[in-house]
Amino acid sequence: MQEQDLYNAEEGSAEDQRGVWGGSADGEPDRELRVPGKAERHGRQSRTKIAEEKRLKEKKRVTPPPSTFQRFSVDTNESLHFEPYIPSDEDEPRSPSFRGATVFSDEVFEEEGETEEGPPTEDAGGSRVDLKEGLGGHSERDPPDVFCMDCKVPTQASQKLFGPHKDHRVIQISRAADEVKEDLQKGMHKLEEQIGLMENFASHLEEIFITVEENFGRQEQNLEQHYNDVLQALSQRNEQGAAQLQDDKKLKLEALYTQLLECGKTLDVSKELIEEAQQIYRDEDKTAFLQAVTPALRRIEELSQDESEIKLSSSMDFENTPVDFSDVKQMMDSVNILPAPSAPVINPQVPNSASSTSARVCWSLFSNDTVDFYDLHYHPVLDDATFTGLQAPDALEIRVKETYCTVRELLPNAQYEFWVTATNTTGVSPASEKAVYMTVPSPPIIKPRECASCPEAALIRWESGNANPVDSYTMELSEIGAEGGANAVTESIVAVPTCECLVQLQPGRHYSICVRAVNIGGPSERSEPIIIQTTGTSFHLLEDTAHPCLSISSDGLTMFYTDEDLPLSGMVFSDNTFARCVAVLGELIPVRGKHYWEVEVEDRTEFRIGVAYEDTQRNGFLGGNSTSWCMRHVITPSRHKYEFLHNGWTPEIRITVHPKRVGVLLDYDAGKLSFFNAHLAQHLYTFQCRFLHHVHPCFALDNPGALALHNSIAAPAYTMFN
Amino acid sequence: MALTQVSSNKCCGGFQKVFEHDSTELKCRMKFAIYLPPKAESEKCPVLYWLSGLTCTEQNFITKAGSQQAASEHGLIIVAPDTSPRGCNIEGEEESWDFGTGAGFYVNATEDPWKQNYRMYSYVTEELPRLISAHFPADPEKMSISGHSMGGHGALICALSNPGKYKTYDATTLVGSYSGPQLDILIDQGRDDQFLSAGQLLPDNLIAACTEKKIPVVFRLQQGYDHSYFFVFSFINDHIKHHAKYLNA
């Protein structure tokens with residue numbers, strides 16, 4: 001009961017002590033007291049409580065019924081009196097004289113009977129008596145008004161001047177109280193921190209218990225395994241030895257048995273000979289005897305001379321061959337050694353973790369092995385065709401400590417095989433399974449000359465950008481705002497199987513469109529974008545349909561029929577080129593609705609301008625068949641002549657002002673093809689026709705000259721009236 | 001001038017009406033037909049003046065040409081005056097079908113006894129437009145003129161003589177001396193028109209003159225069509241659209 005020691009520290013002022021430390025612990029929301037599940041706390045509290053109760057009994061003054069939770073005298077105005085701290089082995093360090101609740105507010109001290117728990121204090125009336133005496137033990141009869149910080153005792157001001165505190169730092173009691181309160185607070189803080197740490201630690205302990213169990217389990221398993229191995233080896237040895245002995249015995253016995261048989265044979269022969277000799281010996285007839293005896297004698301002599309060794313052909317004893325236990329010894333020695341790791345598990349490729357020149361390879365341990373480092377091996381996967389008969393290409397290696405590695409300097413759109421080994425002090429693990437990772441492709445390249453657009457759609461074409469096939473393409477659109485900045489991607493079209501895509505757009509806007517190539521490793525970087533304006537219709541000429549005499553400018557928008565007379569042999573025709581009419585097709589986006597374009601012509605140009613089906617006869621003349629419609633300009637000696645040809649037929653039309661710029665409006669839905677003098681906004685003629693398929697703009701020159709195509713022009717208002 | 005409504009028929013969502021009034025130019029009572037499209041109920045509309053051919057009155061066009069549909073669609077008022085002063089009792093006015101009554105030729109006569117009354121040019125270009133603007137929801141800035149046969153001729157001379165007055169015009173040989181804002185002339189000619197084959201119509205001359213003067217003309221020779229209102233009916237839509245293009249711009 002340590003508190004008791006403190007409380008009883010000085011004689012004669014027990015009741016004074018009571019005044020300050022009265023009752024059991026209490027005050028503010030009992031932070032410390034309420035720490036859950038901590039037995040010490042309760043223990044301490046009860047110790048405090050017991051101490052207090054003891055005090056109560058000692059108390060001489062009248063006290064109100066004691067509360068069990070009150071720690072400080074709440075109605076006292078006087079400063080706290082702190083006893084000098086007597087260290088004990090069981091107590092917590094620091095916090096001089098701190099017991100019980102943390103109190104942070106002076107109000108607690110100044111309240112008169114107004115704690116949360118409400119019970120009144122022991123000190124009725126808040127007397128200011130309470131002069132404590134330090135261990136130094138001066139008894140003062142006058143109330144102290146100052147406090148000596150050096151001696152930590154209250155004293156009288158008068159004492160300061162003359163008494164033992166003459167040279168000490170002496171301050172007003174209230175100030176002293178404040179200072180000491182600060183110390184108290186600091187002490188309490190520190191204690192709280194400690195408490196926090198302890199709590200953390202305690203909660204971790206539970207986890208640690210589990211870990212210990214696991215580790216134990218693992219070790220046990222290891223041990224068992226090792227010893228099993230050892231036992232197995234030993235029993236193997238045993239069996240081997242026994243078998244060997246068995247064999248040896250068999251051999252010996254056989255040899256001996258053979259010997260026995262031979263002896264037997266020899267015996268028989270010898271016995272026979274003796275009998276024979278005896279018979280000969282008994283023969284009365286001396287002559288016959290002499291005849292027969294010679295060979296018998298000879299044979300007897302031979303036999304006697306045959307000194308067969310009467311020796312054992314094999315020894316009775318068995319040799320003691322030393323058993324080779326070296327490997328068992330080794331196993332015993334390695335029982336305590338860390339096992340080499342087992343093969344790691346290589347992960348399959350995570351989508352979007354590769355770039356066109358790198359791949360992020362990840363793996364994991366099969367079990368909780370200790371590993372010092374990993375070796376990642378890889379080589380490119382080649383086609384089987386290049387493989388046959390050759391060794392696998394050399395594998396590259398990277399050593400890493402983590403379970404992942406970003407491998408760089410790879411080729412785009414290529415497959416690589418990866419496998420990994422783990423190494424620790426004992427050795428190297430077997431290799432993991434092989435996993436194939438793929439780098440993303442290089443970005444595609446958009447072909448602007450093959451793209452087309454109209455107010456509601458765009459057709460984009462590109463090159464793959466990769467030698468090997470990719471899985472698909474993704475097209476990304478973003479609208480370019482009025483101020484010119486591109487907004488974030490607003491639309492993505494995925495799983496485009498071929499190198500072209502038709503996408504719906506809003507009219508009158510600017511778009512930035514780019515394409516990515518996608519394979520199992522993820523999408524490539526974006527291609528260079530193409531800017532599409534959904535104003536008017538835009539298309540290019542299909543150069544491979546052009547008659548050889550027609551040459552096309554580099555921007556694909558102007559065509560020339562030159563004067564030069566190319567010899568027929570010098571011309572290159574194909575199935576797709578016009579052969580008679582010096583014509584070319586344009587590639588209009590295959591979208592219905594209205595399309596408008598303009599063609600600039602010269603005064604003397606004899607031209608044909610109109611539309612035709614894609615498969616219009618290449619050896620026909622535009623307008624001369626049912627698959628094409630055109631406006632034709634012919635120059636006669638007297639005047640300009642204009643025809644609007646389809647199927648070889650034209651209405652009779654006279655036009656007084658030669659159009660220098662012809663506007664063509666194709667309206668699929670209304671089934672109309674209209675021609676205008678764009679400079680005059682004058683309507684020239686309209687074909688009424690039902691187009692069965694998509695048509696393409698067509699152009700021809702009937703005499704040397706040029707036509708210039710103008711695209712991306714919104715159909716003017718006057719074209720609506722026809 | 002007071003207008004008296006002679007008839008009114010609802011047609012294509014609007015009204016085909018005929019009015020009568022005392023003409024100051026022609027010094028007699030004149031009738032004219034006016035088609036008011038549905039749009040005229042709420043807004044001012046452009047006006048297309050239609051001049052009819054020989055022997056016609058204000059009735060022929062409105063009953064035979066089928067112009068009301070297109071006029072309603074494009075929101076145009078079509079005014080079709082009579083072709084000459086009536087009831088003036090001038091000697092000789094009934095003698096031939098192509099001179100006198102029903103044959104005003106849209107010119108102002110310069111000789112007696114005709115010059116008092118036969119002032120169709122002034123009637124069409126001055127009195128009638130004033131009348132229409134005063135009494136009907138007509139946009140005075142947007143006028144155009146067209147016609148058939150003698151009326152075609154009339155339209156041309158009115159337009160060519162009044163550069164800038166009419167937004168679109170039809171052909172005339174006055175082309176040669178025309179200098180004014182750009183014209184855009186549409187002419188349809190029936191191929192089987194007896195007047196054409198008789199040589200009374202000389203479109204080639206007109207075309208040549210327009211080509212010379214660079215006046216934009218599209219002249220269409222319509223296979224199988226004659227001079228009648230069936231022909232007018234067949235192409236009136238194209239013509240009204242042609243006018244609407246400028247009147248509604």
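Predicted model: local features only at pLDDT ≥ 70, side-chain atom pairs only at ≥ 80, totals over all residues.
Biologist: Let's begin with the open sheet in chain A. What is its strand order?

Modeller: The order is S20-S21-S32-S23-S28-S29-S30, seven strands in chain A with antiparallel pairing.

Biologist: Which strands stand at the edges?

Modeller: Strand S20 (550-552) and strand S30 (682-688) of chain A do. Each has a single partner strand, so one side of each is left without a neighbour in the sheet.

Biologist: And how are neighbouring strands turned against each other?

Modeller: By 20° on average, direction ignored.

Biologist: How many bridges are there between S29 and S30 of chain A?

Modeller: Six bridges, with S29 (residues 672-677) and S30(A) pairing in the antiparallel sense. In that pairing, Asn677(A) stands opposite Gln682(A).

Biologist: Changing topic. How many salt bridges over all chains?

Modeller: The count comes to 26. One of them joins Glu476(A) and Arg516(A), with the closest N and O atoms 2.8 Å apart.

Biologist: Where do Glu476(A) and Arg516(A) lie?

Modeller: Glu476(A) is in strand S14 (residues 472-480) of chain A and Arg516(A) is in strand S17 (residues 510-519) of chain A, so the pair ties together parts that are 40 residues apart in sequence.

Biologist: Buried or exposed, that Glu476(A)?

Modeller: Buried, at 9% relative accessibility. Arg516(A) counts as buried too, at 18%.

Biologist: What else forms a salt bridge with Glu476(A)?

Modeller: Arg526(A) does, with the closest N and O atoms 3.3 Å apart. Arg526(A) sits in the loop between strand S18 (522-523) and strand S19 (530-533) of chain A, 50 residues from Glu476(A). Arg526(A) is partly exposed, with a relative accessible area of 43%.

Biologist: Which residues are linked in a network of salt bridges?

Modeller: Arg608(A), Arg632(A), Lys641(A), Glu643(A) and Asp702(A). Within that group, Asp702(A) and Arg632(A) form a salt bridge with their closest N and O atoms 3.4 Å apart. Asp702(A) is in the loop between strand S31 (695-701) and strand S32 (705-710) of chain A, while Arg632(A) is in strand S25 (residues 628-635), 70 residues apart. At 25% relative accessibility, Asp702(A) counts as partly exposed.

Biologist: On to the rings. How many aromatic pairs over all chains?

Modeller: A search of the whole structure finds 24. Among them is the edge-to-face pair of Tyr378(A) and Tyr416(A), 6.4 Å centre to centre with 70° between the planes. Tyr378(A) belongs to strand S6 (residues 373-380) and Tyr416(A) to strand S9 (residues 415-423) of chain A, 38 residues apart.

Biologist: Are those two buried or exposed?

Modeller: Both Tyr378(A) and Tyr416(A) are buried.

Biologist: What about Phe99(B) and Trp114(B)?

Modeller: They form an edge-to-face pair, 5.4 Å centre to centre with 85° between the planes. Both lie in the loop between strand S5 (77-81) and helix H3 (120-135) of chain B, and the pair ties together parts that are 15 residues apart in sequence. Phe99(B) counts as partly exposed at 45% relative accessibility, whereas Trp114(B) counts as buried at 15%.

Biologist: Last topic: which ring does the charged end of Lys434(A) sit over?

Modeller: The ring of Trp419(A), 4.4 Å from its centre. Likewise, Arg360(A) lies over the face of Tyr404(A), at 4.5 Å from the ring centre.

Conventions:
Residues numbered from 1 in each chain as written. Chains lettered and ligands numbered in written order. Heavy atoms only, no water. Pairing = 2+ DSSP bridges. Helix = DSSP H or I, 4+ residues; strand = E, 2+ residues; numbered from the N terminus. Axes fitted to C-alpha atoms, helices over the stretch in contact; angles between N-to-C directions. Salt bridge = Lys/Arg side-chain N within 4 Å of Asp/Glu carboxyl O. Buried < 20%, exposed > 50% of the residue type's maximum accessible area, 1.4 Å probe, protein only. Phe/Tyr/Trp six-rings, centres within 6.5 Å; stacked < 30°, edge-to-face > 60°. Lys NZ or Arg CZ within 6 Å of the ring centre and 35° of its normal.
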